[in-house]
Amino acid sequence: METPSEPSGTTPSLPIGLPPEIARKLSPSEIDVVEKVLDGLSNAAIAEARKRHPRTVANQLASAYRKLGIGSRNELIGLVGPGAECSD
């Protein structure tokens, strides 16, 4: 049985963890980092999980903050809504 494709004119699937209006503003790497922040991981833990340098993670997070008009993990949690956690 074939899987139905998305109707024409629709947006491609977005990550389940982030509201679409937020996810659409971010690159796939930024989405991954933001989701891990919301899971409570530190930059170092995210870097290890993604096999990237911690500075790369910090840069991707800073870029996401700029795009979302925020400046901290706590603001990110406030933007996404209740239920998100933060380790900082």
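The paragraphs below go through this predicted model from its overall make-up to single residues.

Residues are numbered from 1 along each chain as its sequence is written, and side-chain values use heavy atoms, with hydrogens and water left out. Because the model is predicted, local features need pLDDT of at least 70 and side-chain atom pairs count only at pLDDT 80 or more, while totals for chains, interfaces and linings use all residues. The term pLDDT stands for the predictor's confidence in each residue, from 0 to 100. Its mean over the protein is 82, and 74% of the residues reach 70 or more. Residues 1-15 stay under 50, and the model has 10 contacts for them beyond four places in sequence; a contact means heavy atoms within 4.5 Å. Where pLDDT is low, the predicted coordinates should not be read in detail.

The protein has 5 helices and 0 strands, so that its elements read α-α-α-α-α from the N terminus on. Helices (H or I, at least four residues) and strands (E, at least two) are DSSP runs, numbered from the N terminus. Of the 88 residues, 31% count as buried. Buried means under 20% relative accessible area, exposed over 50%, and partly exposed in between, with a 1.4 Å probe and protein chains only. Among contacts between residues at least 6 apart in sequence, 44% join residues at least 24 apart.

In soluble globular proteins, nonpolar side chains tend to be buried together. The largest nonpolar core here has 19 residues, and Leu 18, Leu 26, Val 34 and Leu 76 have the most contacts inside it. Such a core is a set of buried Ala, Val, Leu, Ile, Met, Phe, Trp, Tyr and Cys residues joined through side-chain atoms within 4.5 Å. Leu 26 touches Leu 18, Ile 31, Val 34, Ala 64, Lys 67 and Leu 68, not counting residues up to four places away in sequence.

Helix 4 can be followed in detail. Its 15 residues should span 21 Å at 1.5 Å a residue, and this agrees with its end C-alpha atoms, which are 21 Å apart. The expected span is 1.5 Å times one less than the number of residues. Among the buried residues of helix 4 are Val 57, Leu 61 and Tyr 65, and its buried residues pack against helix 1, helix 2, helix 3 and helix 5. After helix 4 comes Gly 69, with a positive phi near 70°.

The side chain of Gln 60 makes a polar contact with the side chain of Arg 50 (2.9 Å), and that of Ser 63 makes one with the side chain of Glu 30 (2.5 Å). A polar contact is a pair of N or O atoms within 3.5 Å; within protein, one must be able to donate a hydrogen and the other to accept it, and residues adjacent in sequence count only if both atoms are side-chain atoms.

Lys 51 lies in the loop between helix 3 and helix 4. Lys 51 is exposed, with a relative accessible area of 71%. Most residues other than glycine have a negative phi. Lys 51 is not a glycine, yet its phi is positive, about 55°.

Finally, Ile 77 is found in helix 5 and counts as buried at 16% relative accessibility. The C-alpha atoms of Ile 77 and Leu 38 are separated by 6.9 Å, although the two are 39 residues apart along the chain.
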